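Please keep the sequence and the model in view while reading.

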Amino acid sequence: MGEKKILFPKIKGLLHGGDYNPEQWLDRPDILEEDIPMMKKAGINCVTLGVFSWSVCEPVEGEYHFDWLEKVMDDLYEAGIYTVLSTPSGARPAWLDEKYPEAMRVNKQGLRARHGVRHNHCMSSPIYREKAAAIDHALAKRFGKHPGLVLWHLSNEMGGECYCPLCVKKFQEYLWEKFDHDIEKLNHAWWTTFWSHRYNGFEQVEPPFANGEGSIMGLNLEWKRFTTRNTLDFMEGELAVLKEAAPGIPATTNFMMLYNGLDYREFAPRLDLVSWDCYPRFHNDGETFRDTMLDNAFQHGVMRSLKKGQPYLMMESAPGLVNWHPYNKLQRPGVHRLAGMQAVASGSDSVQYFQWRKSRGSFEQYHGAVVDHLGTDDTRIFQEAAGLGSLLKKLAPVSGTVVRARTALLFDWDNRWAIADSKALGEQSKKYERVCMDIWREFAGLGVEMDIVGSDSPLEDYDVVAAPMLYLLKPGVGKSLTEFTERGGQLLATYFTGYVDENLLCFLGGFPGEGLKELFGVVSEEIDTLYPSDRNSVRFEDGREWEVREYAERLRVSDARVLARYTADFYQGEPAVTCREAGKGRAYYVAARCAAASMRELFEELLKRAGIPLRPLPASVEYHVREGGGARYEFYLNHSEEAAAVKDVHGLELVGDRYVDGELTLGKYGVAVICRGSGLEQGPEEKGLEQGPEEKGLEQDPEEKGLEQGPEEKGLEQDPEEKGLEQCPEEKRLEQGSEEIKG
């Protein structure tokens, strides 16, 4: 089952906490005095400080005020609460913009921003980088060795683009390097002879201003790539300062769901761990609650897969509601725990919030928080947060375990940008992200975990790969997919695959390009875009039919086997679903857009051929598995307000301290965690269950040796619930039987 990957050895278990903004309350020491005792009641063991505190930490240029921050960190640490410390570069103080206006961004219209809001700094600005580096260095020197510091938090929710002269020049230099100092290579790659748009030199190339060039697809794509690289370069500048001044402290930055503005796969290798901010729109009119939960699970899967083989963090979530959705609806009772447990089930080692205490004024004064304006600990939200905190303590052994998948879905930022910008298909019906999510959900419905990785990622860990709408092929992807299939992999691709190269030039000689037409044994001759009123379907030899909506490719088949054919239109009877054996594996091609739910039997076939077991589940139940340290943790989450029964469940149920041997019943929004490991299958009647590795005195992770002791080890009083934390639940006297797990 592999070793655990412990992120924070000082913290014995999962992180529970979130953004804490004491700088907003420095004039109210009475309120600050209430915070830590209330945090202890809520089971908070880690908070994030300093996210937007620049104007308090440096009220005038070069004058640092850190005493208040040090006192807060000291007080937290004495209470057993650790600190994630943020660099404050996400929002600038007024003195900086007044003195250095070049630090402010220029927008797509060419207008310089004024002081205000946040994340409107120029990533290229030397003076802004200098000022950010200065305060980062001061923070690192002051707090880098603080015993309560466990993680650096770089800026906050980075994003946006800048069109100032500095960024334009930097973009031109980026292109000069990319195209080997040869403008003719750029002209060829972007096909600029069309509409007479040839360039004579890189200095003529401008970003896609709102009133400028926007018709060159290669230019638009490279601008997005450059914005990612420029933002990453800024982040790396901050990271370098912290690592030099305070080596040994890991660092992260908080990503934002499927944010379209930055390619997070470029950021992940530079970070010690991945974290993200999770804000699903629960209880909306556009989808069912289960739809919302499963789409959110996909987002968790994306973040987990950015840095495989270790846990990630859910850095922010809303303990109740947000203030920026179109409709800011309250989470219904039980949803907070369900959503928090979904994060843990998906591989997160934290449940963290924005924010601890509601702001009294300004933009986010009505954003949800653990402590409301009421200021008491008897509110519904506080009680739900405290209940989840108590549960997370029980699940401490889960920390450091990981999700291991044998199937993968290929999902690229480059590809989504290219598809969205392509002048092809239907403007409103491309839906690349939706197609990927729906396929992922069907695998999840079969109880199969699926990583979500880039098309150029290594595939040796996988036995089944789905590559929907892989329109853009990066160099080497065709070869990688061919090798994956020939070694025994099961590969599924769809319409609109392999049309263009990395510069968005169409492949010649038939789609899909880069050797894929040989792998699949088909050539896509043309693709039809269907109106909503159009109807077609594909029919298999056994009479099964899948409805076709929106897109249908016409195929030429060379040496593939035809599994299904179109039933209507002028291409009636032509191939629509094919399969070709390649080496030890198979390559399937689905030429039409069919509902992922219709394709479930095909997915089952791929999984069975790969020897991957299916897990039958009720329609409302989400299932994940985490492994490590000799144990396996099966998570069951009920998305329904009605009870759901899961069959063939065996092991210790950690939420309710019960042994389940047969049927597991989940109540409304119920959650269950089944622990299985060496000897656990025997049941509680077998006294003397095998001890975990901690009790056996097995060698610790190298990371866990010789680390500075936390406050608990120094003799400070523990929470009663925290005592005996190392004791495994199997050591308790557990009742046997199938019990209902309440929501």
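In helix α1, the residues I31, D35, I36, M38, M39 and A42 are buried, where buried means under 20% relative accessible area, exposed means over 50% and partly exposed lies in between, with a 1.4 Å probe and protein chains only. This is a predicted model, in which local features need pLDDT of at least 70 and side-chain atom pairs count only at pLDDT 80 or more, while totals for chains, interfaces and linings use all residues. Residues are numbered from 1 along each chain as its sequence is written, and side-chain values use heavy atoms, with hydrogens and water left out. Helices (H or I, at least four residues) and strands (E, at least two) are DSSP runs, numbered from the N terminus.

What lies over the buried side of this helix? The cover of the buried residues of α1 includes the strands β1 (15-19) and β2 (46-49) together with the helices α3 (67-78) and α12 (380-394), a contact being heavy atoms within 4.5 Å. An α-helix has 3.6 residues a turn, so residues three or four places apart point the same way. The length of α1 can be checked as well: at 1.5 Å a residue, the 14 residues of the helix (residues 29-42) should span 20 Å, and its end C-alpha atoms are 20 Å apart, which agrees; the expected span is 1.5 Å times one less than the number of residues. Just after α1, G43 takes a positive phi of about 75 degrees.

Positive phi values also occur in residues other than glycine. One of them is H283, with phi near 65 degrees, which lies in the loop between β7 (275-278) and α10 (289-306) and is buried, with a relative accessible area of 18%. In helix α10 itself is N296, which is buried with a relative accessible area of 2%; leaving aside neighbours within four places in sequence, N296 is in contact with M257, W276, C278, P280 and Q342.

A further loop, between β13 (490-494) and α16 (516-520), holds P512, and a cis peptide bond with omega of about -5 degrees joins F511 to P512. The loop between β13 and α16 is also the place of E514, where phi is near 50 degrees, a positive value in a residue other than glycine. E514 is partly exposed, with a relative accessible area of 29%. Another cis peptide bond joins F354 and Q355, with omega of about 10 degrees, and Q355 is placed in the loop between β9 (350-353) and α12.

Turning to the whole chain, the secondary structure comes to 17 helices and 27 strands. With 743 residues, a compact globule would have a radius of gyration near 27 Å, and the chain has 27 Å, which agrees; the radius is taken over C-alpha atoms, and the globule rule is 2.2 Å times the number of residues to the power 0.38. Along its principal axes the C-alpha trace spans about 75 × 70 × 50 Å. Of the 743 residues, 60% count as buried, and among the contacts with a separation of 6 or more, 72% are accounted for by residues 24 or more positions apart. The chain exposes about 30,200 Å², of which carbon and sulfur atoms supply 50%, with accessible areas from the Shrake-Rupley method with a 1.4 Å probe.
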